[in-house]
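Work through the exercises below with the model open. Each task is followed by its solution.

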Amino acid sequence: MSDRVAIIGIGATQFRSISPDLSYKELMFEAAVKAYEDAGINPRKDVDTFVTCAEDYIEGTSIFDEYVPDQIGAALKPVHTIGGDGLHGLATAFLQIRTGRFEVAVIEAHCKPSNMLTPDGIEACGQDPIYNRPLELNTHFIAGLEMNRFCYETGITYDHCAKVVIKNRKNALNNPIAGRAAKLTLDDFKYADGIACPLTDLDVAQPVDGAVVIVIASEAKAQALKKNPIWITGIGWCNGTPSLESRDWVRPEYVTKAAEMAYQMAKITDPRKEICFAEIDDRYSYKELQHMMALKLCCECGAGQCIERGITDIRGEFPVNPSGGALGMGYLYEATGLARLYCAVEQLRGDAGKNQIKNAKTALIQAWRGLPTTSAVVTILSVSGGNDGK
Amino acid sequence: MAIKERLNKASKAKAWYGEMPVESLYTVGIAGEKFFRAIKDEGKFLGTKCKKCSMVYVPPKIYCERCFEKLDEYIEVAECGSLESFTCVHIGLDGNRLPAPIIVGLINLDGASTCIIHKLGETTVEELCMGMRVCAVFKPKNKREGAITDILYFKPTKQ
Amino acid sequence: MGNRVAIVGAGMTKFVRRAQETGKELSYHAAKMALESCGMTLDQIDAVVLGTAPDTFDGVHMKGEYLSDGAGAWGKPYMRSYVGGGTGVFSVAQGWYHIASGLIDTCLVVCEEKMSSYQPHAQAAFLTIFDHTTERPLKPNLLWIFALEMNRYMNTYGLRKEDIALVAVKNKNNALDHPCAQIAKAVTVKDILNSEVLAWPVQRLDVSPVSDGAVALILTNETIAHRVTNKPVWVEGVGWALDTSYWTNRDLCYPRYVEEAARMAYKMAGITDPRHQIHVAEPYDPFDYKELHHMEGLMLCGKGEAPQLTVDGVTQRDGELPTCPSGGLLGVGNPIAAAGLMKVAELFWQLRGEAGKRQIARKPKRGVAQAWGDLMQVGTVVVVGI
Amino acid sequence: MKKSNIKNQSSSEGREVRIEHKKSLSPHYSLLTTKFQGVGLSDDDIKKGKVCTTHWIGDTKYAWDQGIAIGKYLEGLKHGKILGVECHKCGRKMVPPRMFCEWCFKTIDGWVELFDTGVVNTFSLCYVTWDVKRVKEPQIPAVIEIDGASKGMGIMHLLGEVNPKKVYIGMKVKAVWKSEKEREGAITDILYWKPIK
């Protein structure tokens, strides 16, 4: 029996800073209908298991999984929620298919941050209630501390970080679903408001509303349903410590471990050479560079030079975040990873329009769950299912 | 479009207002109790040491998160240490800009493998540098209540 | 098809009304005990899964992340699942698919709940499980939905409260033999019928308490199971189903989502006649009638027949189908997700003959555990056997 | 740093198994001698400050978009009407409204105006409020099947103007509305449901 698992359908709404015309259920339904249409399936008959990714405090509802089944066609079927990024959901569905007991699985993630009136207050509830919360600090302080230490130890400059923002928001100009596209220059950073120095408001990915639904299937089913499935050749996920006190403030070891797991599965030994482009978490500007290093995707000259020399530009040697990333598309909380997966699949199918990267055959997508977590997922997609190389 | 009918007037798009009430009372735990009692009663920092990997956790944990050993050996560490990182926070918990920014530091106390997060005082952000020596300033003993806020802040010390 | 998955170790904390330990510390105690129980160490664990119900209890956003170090997740693949009250039993299904996929060999499953943090009273946290626009403005509480369901169930089958109360009597008495029990008590039907009415037909002693606690299991693949223990307990089947969230559109007299989940698990386990092929059951019993409701959903008896089985003593420890020999949530306590996993731990101990005073004499070979959750909506089922 | 334990997916035979065969598989651990952990505290331990605690009140406010279905439902309530939706495929008339049929997984086909009368499907007499305060006169929550909708289609609401002892399943009830002026487009525009004589 084959162990291979493929993506056979994708659906997403537009990512917008507000979405007052649709309830969260209606938003999810829209993305689901698109994904099922793309996969050519009927969820009531053809899907064996559903996984959704959500966090209660983002939704404003306790035990939010109560409200997921109807609008994705999952009522009275195996469906459950993962408190994790959409890519954690992908890993879950992947495991389920690999047991041999499920053939088609659906992963859903969405968010409506515009419905949070007090996002800073809500995010503060994520801090340790005993050692950190009593200091009453805005959660961004963690990113400020980390960026400062990271730049100090690696020699990466704030300009390098700014250039990540400029690149990603520019890439988003040609991505029709992106919600935060802009043309910026280094001058804009001179006037940016400080959040937690050296972090400015331009360094922070701004939230958007949206929903993404992905359909995956076993090899037999994928080939029966779709001519050009995109294969999941590797997937890995890992946690570090939740304690701010005992973590490494420069190297996100958990990203490296997640990547090692995925690389091993995909039989990738030299990721820089064997992967065509990457969608890397960029909730904060410096995070893209920090994550690139952890993923072992930098050339010898280092992450700073990668951005400096345009290597990670969309027409560069190794494009990073051609979709626009979280900085350019907008930050979608638990749906962030799936949104990137959606864009990567479009690239691999050759459907990325003006942003299309020539001969894109293998992609890496990485997600991080945001502050204050140390939780990462890495997945490798490929057109042929083997190791395509470049 | 997946849904046949759409809203077509801005006035029809409405929201329902509400909240998720959060009021919590947290016990500080077994290790936390030792840690805060030592601060409250003696103005000193306790940590736990892992016999297997030698990690010294300050604040203490009853387990080593890396090798999962049970930790019950409490050791005292210094109230001074080196500044591993710092930031100047301009926005408050409500997302609004603060009238005066708060300086926050990551402090590796001498003898600890981990860092404490706290505010920095009696200084400006311009004066700070990585690796600088800082020491804890506690509340007066009679005002302490067994919480992280019994430390007012850390302040730089002259070498 | 898939790989066989075994449970090889189990651990739990005491269930208490208010624990001094933090949620992380409770998780650690349970996880450490589970590891020690089978002589394993954390570096032999490939992945960790955590089950915990709503974040509101602890008032910690992304509670799964917060608890991760206590659960042993440092440097490991780690995920947190939730399906409300069904989470505890579901987490075993989660561990199962990790290992059955062939990707992971050993998995630590931890469930934790610390309800006491919520102020002023943990029950108030349940207000926010209702629809924010169409239900919450009516200020509902959790008792409503149980009372509504119980009334519907009683009315449909013409059941008497006296008969239903027997479940609480049985479980609270069973819990007298459980070293971790919070409210074990010898009670009579009269005590229950005389207890304070909360939301008729639900009375004080029909209900399980608010608790803090944690439970952990170690799951491994077949090869490792045989190396670690000579008494592996196999996960023979898992199932889960989530019904529509429009709960007022459903007939509450029967939990069809439990039936769907049970059918999935039974199919995997090759069970065709659950009443005779299952020797011990741990259905979810946050309220006494729920045990009966769930026995019917699990197809251990016909619809409306569970009360009679209880009256006839079939579900006693020495009966034909011992049900909740642990003492269940009614007796041991109800730290939501941990309570669900406690049921699977009980089956583990019962099947291995290690349940001490609670041991069922008739050497059970196969058991079923089930949990329920959300808006009377989720069924999660695990079948284990030796 | 320990090396990652995750093994290659396809090399089941060449797999490194790190766990050695136990020389003796006899129980090396007994449940009977286990000391279970967990320190229970009383209310007093907390109130009298015997243990350290931290306290937190969160700032967690939301404005949930009503969207199409619920927006129109609430607008209907404001005008004293209960609106439902229908699916032509399964023929169901549903309430509360939604833009999709969850069983057929398709967009709904249209709106229907339902009656403001119904039948009690189930009920409770509740003596505690949502935040666990005891009350003398019970609240009577109920699931009410709405007339005009398909069988079994109910909503949760409250009963009033009725002796709690006289409520029964199958009782016919009618909505008691707030005055037109007071209605704001909310489920509470219906005060409660009272029995129909």
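**Exercise 1.** Which residues point one way from β3(B), and which the other way?

*Solution.* First, the conventions. This is a predicted model: local features need pLDDT of at least 70, side-chain atom pairs count only at pLDDT 80 or more, and totals for chains, interfaces and linings use all residues. Residues are numbered from 1 along each chain as its sequence is written, and chains are lettered from A and ligands numbered from 1 in the order in which they are written.

Strands (E, at least two residues) and helices (H or I, at least four) are DSSP runs, numbered from the N terminus. B:Phe45, B:Gly47 and B:Lys49 point one way; B:Leu46 and B:Thr48 point the other way. In a regular strand the side chains alternate between the two faces of the sheet.

**Exercise 2.** Explain why strand β3 of chain B is largely enclosed.

*Solution.* Buried means 20 or more other C-beta atoms within 10 Å of a residue's own, with C-beta atoms placed from the backbone. Five of the five residues, 45-49, are buried, so the rest of the structure largely encloses β3(B).

**Exercise 3.** Find the pairing partners of β3(B).

*Solution.* Pairing requires at least two DSSP bridges between two strands. Step one: β5(B), residues 74-77, runs antiparallel to β3(B) and is joined to it by four bridges. There, B:Gly47 is partnered by B:Ile75. Step two: β4(B), residues 56-57, is also antiparallel, with two bridges. Here B:Lys49 is partnered by B:Val56. Six residues separate the strands of this hairpin, and B:Ser54 has a positive phi near 70°.

Notes. A residue is buried if 20 or more other C-beta atoms lie within 10 Å of its own, exposed if 12 or fewer, and partly exposed in between; C-beta atoms are placed from the backbone.
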